[in-house]
Amino acid sequence: VVSNYIEIILKQGESLIKAIETGKISIPHNINKHIFEVVSAINSPDPERAAELREAVREGKKERLLKLIWPKLKRVLARSGGNFNFYTKKIRKYLEDISLEFDDFITPFGIIAQKTEKENIFRLDTDTGFYEFLPADTKTSADQLLLTEIKPGKVYELVLTNDSGIYRMRTDIFIRIKKVAKDEVLFEEC
């Protein structure tokens with residue numbers, strides 16, 4: 001969502017800034033008229049903020065835009081894993097010194113891990129699925145390892161099997177194992 005906002009600001013910046021400056025927004029084609037009226041009624045002009053945003057957009061440096069728009073921004077909370085990996089990579093270029101933190105780790109099969117108390121380290125939910133791990137430096141799918149065979153410090157691609165065991169798939173999600181114990185596997189996304 002944050003990366004989409006940045007793209008919208010860069011593409012439609014002047015019209016958004018004009019709306020902030022004047023307190024008047026044009027009605028979008030796909031918005032409920034009642035909602036538009038409510039939003040319009042509470043919107044008020046803010047020329048100082050408009051000037052700040054205009055300067056940020058004028059500078060044109062996408063990677064600095066978040067800091068220019070929100071100078072006090074310290075942290076962005078996001079989802080990680082699976083389809084979210086594309087957005088995670090995309091947003092990193094905008095963050096500079098802003099911390100990117102994650103909650104759950106999501107894959108096409110659902111949530112497979114939860115965030116630990118350590119920043120961006122996840123605890124694999126070993127009771128909810130069958131996991132295999134393909135070493136990142138391997139060329140063939142035949143080299144997958146089981147949970148009992150993985151080693152801390154190594155990078156693996158996750159291979160997931162659905163609950164019924166009917167199909168399995170490579171995920172293109174790469175993780176670095178931080179800890180392997182009898183009842184706990186900790187990892188970070190690469």
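E96 is located in the loop that connects helix 5 (84-95) to strand 2; helices (H or I, at least four residues) and strands (E, at least two) are DSSP runs numbered from the N terminus. The model is a predicted one, in which local features need pLDDT of at least 70 and side-chain atom pairs count only at pLDDT 80 or more, while totals for chains, interfaces and linings use all residues. Residues are numbered from 1 along each chain as its sequence is written, and side-chain values use heavy atoms, with hydrogens and water left out.

The phi of E96 is near 50°, a positive value in a residue other than glycine. Most residues other than glycine have a negative phi. E96 is partly exposed, at a relative accessible area of 43%; buried means under 20% relative accessible area, exposed over 50%, and partly exposed in between (1.4 Å probe, protein chains only). A positive phi, near 65°, also occurs at D172, which is placed in strand 8 (residues 168-181). D172 is exposed, with a relative accessible area of 55%.

Nine strands form an open sheet with mixed pairing and the order 1-2-3-4-9-8-7-5-6, where two strands pair if DSSP finds at least two bridges between them. Strand 1 and strand 2 run parallel and are joined by five bridges; A78 has F102 as its bridge partner in strand 2. Strand 2 (residues 99-107) pairs with strand 3 (residues 110-115) in the antiparallel sense over three bridges, and the two form a hairpin with two residues between them. Within this pairing, F105 is opposite A113 and T107 is opposite G110. Strand 2 is largely enclosed by the rest of the structure, because eight of its nine residues are buried.

The largest nonpolar core has 32 residues, of which F105, F133, L158, I175 and F187 touch the most other members. Such a core is a set of buried Ala, Val, Leu, Ile, Met, Phe, Trp, Tyr and Cys residues joined through side-chain atoms within 4.5 Å. Leaving aside residues up to four places away in sequence, the contacts of I175 (heavy atoms within 4.5 Å) include F105, F133, L158 and F187.

Helix 3 (residues 47-59) has 13 residues and reaches 18 Å from its first C-alpha to its last, close to the expected 18 Å; the expected span is 1.5 Å times one less than the number of residues. A50, L53, R54 and A56 of helix 3 are buried. They lie on the same side of helix 3, because they cover an arc of only 165° around the axis, taken from the directions from the helix axis to the C-beta atoms. E48 and R58 are exposed on the other side of helix 3.

Eleven salt bridges are counted, each a side-chain nitrogen of Lys or Arg within 4 Å of a carboxyl oxygen of Asp or Glu. One of them joins E14 and R54 at 2.9 Å, N to O. E14 belongs to helix 1 (residues 2-22) and R54 to helix 3, so this pair ties together parts that are 40 residues apart in sequence. R54 is buried at 17% relative accessibility, whereas E14 is partly exposed at 44%. R54 also forms a salt bridge with E21, with the closest N and O atoms 3.3 Å apart. E21 is in helix 1 and R54 in helix 3, 33 residues apart. Salt bridges that share partners join E14, K18, E21 and R54 into one network.
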